[in-house]
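Subject: Structure handover

Hello,

Here is the structure I promised, with notes on what turned up in it. Please open it alongside this message.

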Amino acid sequence: LAQFNAWLRRQADEIRGRVDVINEALSAIDYNPGRIIVLVAELTVNQDVRQFRSDLREATADALSTNETDAEIESRFERIRHIIERLKGRVGHADSDRAWMRRVTDVRNWYTFAASEQDRVTGVEFEHYTDSDGKSGGQKEKLAYTILAASLAYQFGLEWGVEKSRDFRFAVIDEAFGRGSDASTRYALDLFAKL
């Protein structure tokens, strides 16, 4: 269980690392004059995920300690047994336990993601986007295009400002792209040109 916990933590750290790489790509793109978008990975408020992570920590912390009393060893055993039973699927709860297991062991669910519009120089936040509610269609498009461009740059290993980088020259955009405002479309085309 300790190895499983360590593996899950490494997977979660990898997500944070990927967000850092995408943020590096985003820093090359002016979202608004003098401002950039920074993706933020925040710990989820989902109680199942939070409880599972807490239970794993408690069950595996100091697991090899030789100073535990018999009562502490028994308590740890019960915590571990409960986690394993739930992961296996308890009798009468197999479907709900399976859904729970998928939710809590998929480390992508450990985070919620937001976008922060920040001053390029000072890092002062101008606006925080947790979703696109209340934003105009153009603002939603612009945010989506910015994250799409940075994600493509990450996926294809593109790097700005280096002498030799992989190159990407072809993108297919469906009809939804043409439904946007002229300003959003121009912004997106400029982003792709920067790629």
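Start with a charge over a ring: K142 lies over the face of Y187, 5.0 Å from the ring centre. K142 also lies over the face of Y31, again at 5.0 Å from the ring centre. The criterion is NZ of Lys or CZ of Arg within 6 Å of the ring centre and within 35 degrees of the ring normal.

Some ground rules. This is a predicted model, so local features need pLDDT of at least 70 and side-chain atom pairs count only at pLDDT 80 or more, while totals for chains, interfaces and linings use all residues. Residues are numbered from 1 along each chain as its sequence is written, and side-chain values use heavy atoms, with hydrogens and water left out.

**Aromatic pairs**

Y31 and Y187 also pair with each other. Rings of Phe, Tyr and Trp (its six-membered ring) pair if their centres lie within 6.5 Å; planes under 30 degrees apart are stacked, over 60 edge-to-face, and the rest tilted. The count comes to 5 aromatic pairs. One of them is Y31 with Y187, edge-to-face, at 6.4 Å centre to centre and 90° between the planes. This pair links distant parts of the chain: Y31 is in the loop between α1 (2-26) and β1 (35-43), Y187 is in helix α7 (residues 182-194), and 156 residues separate them. Helices (H or I, at least four residues) and strands (E, at least two) are DSSP runs, numbered from the N terminus.

Y31 is buried, at 3% relative accessible area. Y187 is buried too, at 14%. The cut-offs: buried is under 20% relative accessible area, exposed over 50%, partly exposed in between (1.4 Å probe, protein chains only).

Another pair is Y111 with F113: centres 6.1 Å apart and planes at 45°, so this one is tilted. Y111 is buried, with a relative accessible area of 8%. F113 is partly exposed at 42%.

There is also a cluster: Y31, Y129 and Y187 form one aromatic cluster.

**Overall layout**

The protein chain has 7 helices and 3 strands. From the N terminus, the elements run α-β-α-α-α-β-β-α-α-α. Of its 195 residues, 30% count as buried. Among contacts (heavy atoms within 4.5 Å) with a separation of 6 or more, 67% come from residues 24 or more positions apart.

**The sheet**

The 3 strands form an open sheet, in the order β1-β2-β3, with antiparallel pairing. Two strands pair if DSSP finds at least two bridges between them. β1 and β3 (125-129) stand at the edges with a single partner strand each, so one side of each has no neighbour in the sheet. Neighbouring strands are turned by 25° against each other on average, direction ignored.

β1 and β2 are joined by 9 bridges. L39 stands opposite A115 in β2. β2 and β3 are joined by 4 bridges. There, E117 has E127 in β3 as its bridge partner. The hairpin of β2 and β3 has 5 residues between the strands, and G123 takes a positive phi near 80° in it.

α1 lies across β1 and β2, running at about 170° to β1. Axes are lines fitted to C-alpha atoms, for helices over the stretch in contact, and angles run from 0 to 180 degrees between N-to-C directions.

**The core**

In soluble globular proteins, nonpolar side chains tend to be buried together. A nonpolar core here is a set of buried Ala, Val, Leu, Ile, Met, Phe, Trp, Tyr and Cys residues joined through side-chain atoms within 4.5 Å. The largest has 33 residues, and I37, F52 and W110 have the most contacts inside it. Elements giving two or more residues to this core are α1, β1, α2 (47-60), α3 (70-88), α4 (94-105), β2 (111-119), α5 (137-155) and α7. α1 gives the largest share, 7 residues.

Leaving out residues up to four places away in sequence, the residues that I37 touches include Y31, A115, E117, Y129 and L143.

Q51 is in helix α2 and is partly exposed, at 43% relative accessibility. Its C-alpha atom is 9.1 Å from that of V104, 53 residues away along the chain.

A183 is in helix α7 and is exposed, at 60%.

Best wishes
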